[in-house]
Each structure stands twice: as C-alpha cells, then as structure tokens.
Amino acid sequence: MKKTRQNKVIEIIEEYDVETQEELANYLKQAGFQVTQATVSRDIRELKLTKAPTGGGKQKYVALRQDDRRLEDKYIRALKDGLTSMDVAQHILVVRTVSGMAMAAAAAIDAMKLKEVVGCIAGDDTIMIAVRTSEDAQALMRTIHSLEEG
C-alpha cells in the first residue's frame, strides 16, 4: 500500500504543479487513497521531494533523481541560492534561507551524507540540523560556508 501510494505521489507531481501538502492529499484522495496530512508529510520526506520554482512566485514539488550525475552541483547551488545565515545552538545548527528554500537546502544537506549530520527538519525559511556534538556543529557550519564560497 505504501509503495503504491508513493508511486502515485510521483505520478501526481510529474503531471500537476502541486504546491502544497493539502493539494497533494486531495489528488491522492481523488485517486482512492485515504491519507492524512501526517502521511503526506512522511511520504514527501521519504521520497525526498523538494520544491522548485514554476514562475510567477509559485513553487511545485519535484523529486530529486539519485542517478543525476550533476546532483552534487545542484545541491551546492541550492545551498548557495537559498542560504542567508547560520547559527549554532549547542548540538543544533540553525540555517536560515530565503523564503521557500529551506526544504530544498535541507534535502541538499541530507543527500550530501555529511558525517556530522544526524538529521534535518525544514520549514519555509529555517532548517534545524541535529549534529552529534557542538564541535561537529561548528565544523558543519564551516563546511557549509566553504561550499558557499567555493
């Protein structure tokens, strides 16, 4: 059921410009899936969906393709384009982005599989990155800054 639903999610976002979780849930319900907002949110995270601009200030969900050889460059570009500031709070690195870019930047950080990162939580313009130690948080901030400068 989960695999079937997640395959349908990919079909939906490839066919329609889906901007919100609510829209995605509605499309899934029309397709016969009984879903909650929590289920849709979990599917988005597991499928590593992110948002991409569609023009006119709107965005849509897109799937990151793991077989794309230029993926690393795209991740770095997502960080460079979206990052506005960073600060450390003990074992958490808080990253601020341009509005609407946090999910893309968090997906980029997750996909880079940096050893310091335990996990990311993204909102609209803020990412909270859990790291193992406060020293790792500082090191991660330096790593992200170096990507931004490079």
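**Close-up views of a predicted model**

A search of the whole structure, which is a predicted model, finds five salt bridges.

**View A. Salt bridge between Lys8 and Glu11.** The closest N and O atoms of Lys8 and Glu11 are 3.4 Å apart. Both residues belong to helix α1 (residues 2-15), where a spacing of three residues separates them by about one helical turn. An α-helix has 3.6 residues a turn, so residues three or four places apart point the same way. Lys8 is partly exposed, its relative accessible area being 25%. Glu11 is also partly exposed, at 45%.

**View B. Salt bridge between Lys60 and Asp17.** The side chains of these two residues meet at 3.5 Å, N to O. Lys60 lies in strand β2 (residues 58-63), while Asp17 lies in the loop between α1 and α2 (21-30), so the pair ties together parts that are 43 residues apart in sequence. Lys60 has a relative accessible area of 23% and is partly exposed.

**View C. Salt bridge between Lys115 and Glu116.** The closest N and O atoms of this pair are 3.4 Å apart. Lys115 is exposed, with a relative accessible area of 68%, whereas Glu116 is buried, with a value of 8%. Side chains of opposite charge can pair when their charged atoms come close.

**View D. The one aromatic pair of the structure.** The pair consists of Tyr16 and Tyr27; their ring centres are 4.3 Å apart and their planes lie at 15 degrees, so the pair is stacked. The cut-off for stacked rings is an angle under 30 degrees between the planes. Tyr16 is in the loop between α1 and α2 and Tyr27 is in helix α2, so the contact ties together parts that are eleven residues apart in sequence. Tyr16 counts as partly exposed at 32% relative accessibility. Tyr27 is likewise partly exposed, with a relative accessible area of 24%.

**View E. Helix α5 (residues 102-111), largely enclosed by the rest of the structure.** Eight of the ten residues of α5 are buried, which is why the helix is described as largely enclosed. The buried residues are Ala102, Ala104, Ala105, Ala106, Ala107, Ala108, Ile109 and Ala111. Buried here means a relative accessible area under 20%. Just after α5, Lys113 takes a positive phi of about 50 degrees.

Definitions and conventions
Residues are numbered from 1 along each chain as its sequence is written. This is a predicted model: local features need pLDDT of at least 70, side-chain atom pairs count only at pLDDT 80 or more; totals for chains, interfaces and linings use all residues. Side-chain values use heavy atoms; hydrogens and water are left out. Buried means under 20% relative accessible area, exposed over 50%, partly exposed in between (1.4 Å probe, protein chains only). Helices (H or I, at least four residues) and strands (E, at least two) are DSSP runs, numbered from the N terminus. A salt bridge is a side-chain nitrogen of Lys or Arg within 4 Å of a carboxyl oxygen of Asp or Glu. Rings of Phe, Tyr and Trp (its six-membered ring) pair if their centres lie within 6.5 Å; planes under 30 degrees apart count as stacked, over 60 as edge-to-face and the rest as tilted.
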